[in-house]
Amino acid sequence: MLRFILAWLVLGTPPSLAETKTSVLSEALIAYDQGDYDTSTKLFSQLATQSPAHGSLYYNLGNSYYRRGEKGKAVAAYLAARSLTPRDPDIRANLKFVHAQGKDNLATSRSSFFRMMFFWLDWSTPKELLYFAAMGGSLGFVLLFLSLLLKRAALKVWGQGVLLGSILAFAAFTVSLTFEEQWGAVIQSTAPVFSGPGASNTVVFELHEGAPFVVDLEENDWVRIELADGKKGWLARANVAIFSHSPQGGGLEETAQLVPPRNQ
Amino acid sequence: MKVSILRRKTGIVGAMCLLLFLTPPYVLAGSAIPSLDKTVGTIGESFQLSIVIEGSLDGDVEVPEIPDVTTTATGSSTQISWINGVYKKEVSYNFILDPQKEGTYTIPALKLKIDGDWIRTQPLTFQVGSGGTANQADQDERLPSVFIERDFSKASLVEGEPVVSTVKIYHRVELAGIEAVGEKLSGVRVIDLKQYKTQEQKGPYLYNVIVYKQVLIPGKSGQIHLPPFRIKASIVMPREERKRRRRGIGDIDDFFGDFFGHAQGRVVNRTISSEAAILDVSPVAENRPKGYRGLVGNFRLKSDLSQTSLKVGDTTTLTLVLDGVGTLDVFGKWNLDLGPNIKIYADQPQNEEEVSEKWGLVSKRTFKFALVPTRSGDIVLPDVVISYFDPEKRQFEELRASLGTLKVEGGEAEAIAGQAQEAPSVAKSDVRALATDLVDMHRTIPLEKGQALTNGDYLLVAGMVGTPALLSLVVFLFRWATERERDMVARRRSRAFRTFRNKKEKLEREGREGVSDALAQGYLLFREYVGDKFNQQGSALTLKEIESILSNSRLNRDITQKAVDLLKTLESWEYGGKTLDQDQTEWMGIIENVVREIEDKC
């Protein structure tokens, strides 16, 4: 203990975790500016794994991957960034730019009557909706409190109205949470999509690098996917990049391995 | 004599036969017989080792490690026979041996426990030659079914110079689940290129070939030892081969194989390797010119200005294109300096890389700079100069781009041009609109503040909503209790007369025994009415208290006085023994009248 205290006194206070992360972020940006995309990718990957999920981290990671020539991983990173900050124009622009270079002309969001009705699902995150509902609820209750205290009928009407809006926002949050989608992208030049989880199943169609999909189910080394147009199938995990972003930190679920196409 | 000898011999042979016939099978000792499909071969050929075990083996068969030989277990097969009532079971354990070098190899004796006894097998020896003495046709005949070849576009290179590594996986059997077992190379940048498939004729065989190319860029000088390129794959053994190896039981197995649809062959897992390789990497020459930024290869530089005549504060775009053979990874950010009269804003450079069989890596980087002149007049722009090392010529070369002169007129912005902070041509919104490159990085990120939902968010939200909700609830409950109290008082007040009348009627209906008692009850009813009407509990009020209550009410003085007088009279009658001047029934009527008057006024 005494040694520890002496060391602390001599060496001074160790840098905090936040300072370390900020330093890593600076290093990553410098490496990117200098064209050292291997380093910038590695550092942004590290930050995405160790920091609380933030859209800008995945966005920067996507830029680094693209500069390294890994368009599939770049698309997956942008999709992860979009789920955290859906209205960020930079993320949308870069996703569109990189996605346009892929072979498969697949949409990066699903279009249906349901999605049309609940358009805000694509433009807001569950967290935003929760806080919106909470602010409405808080304001509504404050107005009701004041109406009781000051005996003002108008305040009561306003309070009830705001509370109703808050309940609707909470319902929207529940819908958003229920229908939240996890997107990924193909990272190999060609990836066969099978009818079941295993290479012995029938190949139903093929996807190419950068093709976006919704993760439907994950089973061992296989991922059941659904495309924006509703097509479904199974992809080997080694052929895809899916970024998970848990509150404590996320990152790439799987790293790519050399898996040549089947039927050779 | 001869007959007796013959009889004796016949008897001995018969007894032996009988003994042999009566001996049960388990008395027969177990055996382990190793065999090789051949004892002489060349490098690249595989040897098949089979160890046939008769009897019950305790444990598994493991072949000891043989130096420079890769041993792969390919499974086991069982042969059961029942000949002349004798049950026989043989299990064949199969291995494939891949020698890496020429020489004589010995498979050591294996110690196996069979039927409870330890048995040692015979050691086997096989020879591996280079194949040089055999004629080409023989060599071709012995080409393995799967092998890997690797070569490089050049054997010696300079630090930073790209070299293309071509790995060809040749196979004439079906492969599945190929997985590269790569060892990460230190000090070498590896760019994976697209794989493709082709076919090549090797000797008498037409091979399917998976071509896998990589560009290797050594980051340091010296000898780089590249480990063998290895893959793990599942090989589908051809049916014929299998039949040949499993002597005797092929027909039955084929029948069931065909019936159940897995007659293509058996799948074995193998690791296949190429040979190791060494790359000689020379350092870049020492006499490095000023401004050399580590480029190695053969490059060229082109420049272009979007306009040369402009006003102060206007923007002209300088495009510098650096392209050539080699990597531009080391080049980094280009901090251009064009003198004090030009403000420079760099756009994100665009990179393009192509891989060519001939050149290796061909790179192109386009730099765009927005130039904003801060003064009017002719501004001569200095040449842009960079150097690179040419590995073919073994010397440094200089690239120079002349930018010319800017003719700048004075403009409204001249006065404030020096304060310009942002170049309009590189604004994010412009990049988004043009969609010709990535929008730049996000440089300020609050790393400790995540955007995903956490338990903390739920707690915060609960606090945000719960606190005012709780406060509102408390106030609401307080208000509700107060209202309820007020309602009860009002209800009692509104029901005071009805209660009085009901009780009076009940009193009359029950017909008290004495009139005196009825008046006494009527008196109490009157006091109770006053208590209910003016929110006073009970009827045990003093006369003074009743007088005070009535005086403070909205009643006029006459009614108050009348009520007080009535109460005084009745009290004197009840407790003072004073006689009443009127009939007591009339007094009951008087009480009712006073109550009615109070009720009318309140």
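Q: What pLDDT does chain B average?
A: This is a predicted model, in which local features need pLDDT of at least 70, side-chain atom pairs count only at pLDDT 80 or more, and totals for chains, interfaces and linings use all residues; side-chain values use heavy atoms, with hydrogens and water left out. Residues are numbered from 1 along each chain as its sequence is written, while chains are lettered from A and ligands numbered from 1 in the order in which they are written. pLDDT is the predictor's confidence in each residue, from 0 to 100. In chain B, 81% of the residues score at least 70, and the average is 77.

Q: How many contacts does the stretch 240–263 of chain B have beyond near neighbours in sequence?
A: Take care here, as the pLDDT is below 50 over these residues. Counting a contact as heavy atoms within 4.5 Å, the model gives this stretch 23.

Q: Which strand of chain B does β13(B) join through nine bridges?
A: Strands here are DSSP runs of E with at least two residues, helices are runs of H or I with at least four, and both are numbered from the N terminus. Two strands pair if DSSP finds at least two bridges between them. Strand β13 covers residues 163–171, and its K168(B) has V211(B) as bridge partner. The two strands run antiparallel, and the partner is β17(B).

Q: Which residue takes a positive phi in the hairpin of β16(B) and β17(B)?
A: These strands pair in the antiparallel sense over seven bridges, with T198(B) opposite V209(B). Two residues lie between the strands, and the one with a positive phi near 60° is G203(B).

Q: What is the relative accessible area of S176(A)?
A: S176(A) lies in helix α9 of chain A, residues 153–178. Leaving aside neighbours within four places in sequence, its contacts include W120(A) and L129(A). S176(A) is buried, and its relative accessible area is 4%.

Terms used. Buried means under 20% relative accessible area, exposed over 50%, partly exposed in between (1.4 Å probe, protein chains only).
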